[in-house]
Amino acid sequence: MAFLRWAGSKKQILGTVSQAWYASGATGRYIESFSGSAALFFYISPPKSILIDCNPHLQECMSVLKRRPIAVSTLLQRYSGDEAEYYKVRSTDPCLLSPEERSARFIYLNRFCFNGLYRTNSKGWFNVPYGGHKSGELPNADKLKYYSDILRNTTIVCGDFYTQTKKYVESGDFVYLDPPYAKTNASLDFQYGPNEFGMNDLDRLNELIKIIHSRGAYFVVSYAKCEEIEMLSEDWYQYPVEVRRTIAASPQKRQAAPELLITNL
Ligand SMILES: C[S@@+](CC[C@H](N)C(=O)[O-])C[C@H]1O[C@@H](n2cnc3c(N)ncnc32)[C@H](O)[C@@H]1O
């Protein structure tokens with residue numbers, strides 16, 4: 001399981017999606033094009049992989065954890081996770097910190113923020129309120145070392161899913177794509193900032209899966225079952241799955257939501 005909490009992480013369908021990875025018999029690399037907390041990646045622990053995401057703070061955290069888990073763990077040990085401390089850490093300017101301090105700060109804020117959200121204000125400052133200890137304690141040194149070992153043969157890339165996947169994908173690779181929901185779908189509008197993913201990105205996703213297929217690689221896309229995904233799914237196999245999604249930021253309002261896995265497998 002992942003060491004970060006991440007909105008839209010598909011923890012509930014890891015079993016189903018991982019079956020696609022094993023069934024593919026992929027001889028190449030595991031590539032995740034919207035990696036976030038990389039829950040599937042940590043679940044299957046592939047021998048060689050590439051994690052792509054456009055969030056530079058997240059990708060820096062992954063690369064520092066890969067190289068310096070003990071340094072990050074030492075920094076995390078000084079925190080208790082109470083509310084006053086949270087706001088103090090949140091108000092620290094990350095530019096004044098070392099990469100190890102920034103990574104520890106990222107893991108800390110992610111652990112104790114509300115609902116594991118990642119949201120920034122117009123100046124790019126993380127602004128999610130305190131959420132308390134409900135989601136457990138900070139990962140200890142053993143856990144961070146464990147995650148670092150899984151990351152050992154992984155290339156961590158900060159960039160756009162289309163450009164970077166197109167650059168890297170080769171025959172025999174397996175690509176998992178778990179995009180944010182596109183912004184025109186109002187009922188799903190709860191996860192990310194306003195500029196993250198739009199309808200033109202869905203067109204690019206559509207083009208990308210054709211490229212992946214034409215290179216002789218395998219892909220699985222997970223997306224909410226809704227109108228705009230239909231243009232993507234008509235040429236490929238579709239498998240319905242269900243996730244329970246938090247609506248209106250209330251754990252009481254978890255609803256079963258149909259999702260689709262779209263694949264060339
Ligand atoms: C649904 S989350 C992925 C969750 C992931 N499967 C996990 O296990 O946590 C979508 C991710 O896509 C990233 N993202 C949004 N737009 C992107 C883009 N144009 N290129 C690459 N990544 C993008 C976001 O930063 C976010 O981490």
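The model is predicted: local features require pLDDT of at least 70, side-chain atom pairs count only at pLDDT 80 or more, and totals for chains, interfaces and linings use all residues. Residues are numbered from 1 along each chain as its sequence is written. The chain is divided into domain 1 (1–54 + 159–265) and domain 2 (57–151), with bounds that come from an automatic or database domain assignment.

**Domains**

- The centres of domain 1 and domain 2, taken over C-alpha atoms, are separated by 24 Å.
- Their contact takes 12 residues from domain 1 and 15 residues from domain 2, where two residues are in contact if their C-beta atoms, placed from the backbone, lie within 7 Å.
- On the side of domain 1 that touches domain 2, the residues divide into 7 nonpolar, 3 polar and 2 charged. Here Ala, Val, Leu, Ile, Met, Phe, Trp, Tyr, Cys and Pro count as nonpolar, Asp, Glu, Lys and Arg as charged, and the others, Gly among them, as polar.

**Ligand shell**

- The ligand is surrounded by 20 residues, of which the closest are Gly8, Ser9, Phe34, Gly36 and Ala39; a residue is near a molecule if its C-beta atom, placed from the backbone, lies within 6 Å of it.
- By class, this shell holds 10 nonpolar, 5 polar and 5 charged residues.

**Helix pairs: terms**

- Helices are DSSP runs (H or I, at least four residues), numbered from the N terminus.
- Axes are lines fitted to C-alpha atoms over the stretch in contact, and angles run from 0 to 180 degrees between N-to-C directions.
- Angles under 35 degrees count as roughly parallel, over 145 as roughly antiparallel, 65 to 115 as roughly perpendicular and the rest as oblique.
- A crossing is left-handed if the near helix is turned anticlockwise from the far one by less than a right angle, and right-handed if clockwise.

**α4 with α6**

- Helix α4 (residues 69–76) packs on helix α6 (residues 99–112) at about 60 degrees, with axes 9 Å apart, and the two are therefore oblique.
- Their crossing is right-handed.
- Ala71, Val72, Leu75 and Leu76 of α4 meet Glu100, Glu101, Ser103, Ala104, Ile107 and Tyr108 of α6, a contact of 7 nonpolar, 1 polar and 2 charged residues.

**α5 with α6**

- Helix α5 (residues 83–91) and α6 pack at about 135 degrees, with axes 10 Å apart, which makes α5 oblique to α6.
- The crossing of α5 and α6 is left-handed.
- Tyr86, Val89 and Arg90 of α5 meet Arg105, Tyr108, Leu109 and Phe112 of α6; this contact has 5 nonpolar, no polar and 2 charged residues.

**α8 with α9**

- Helix α8 (residues 161–168) and helix α9 (residues 199–214) pack at about 5 degrees, with axes 10 Å apart, so α8 is roughly parallel to α9.
- Tyr162, Thr165 and Lys166 of α8 contact Arg204, Leu208 and Ile211 of α9.
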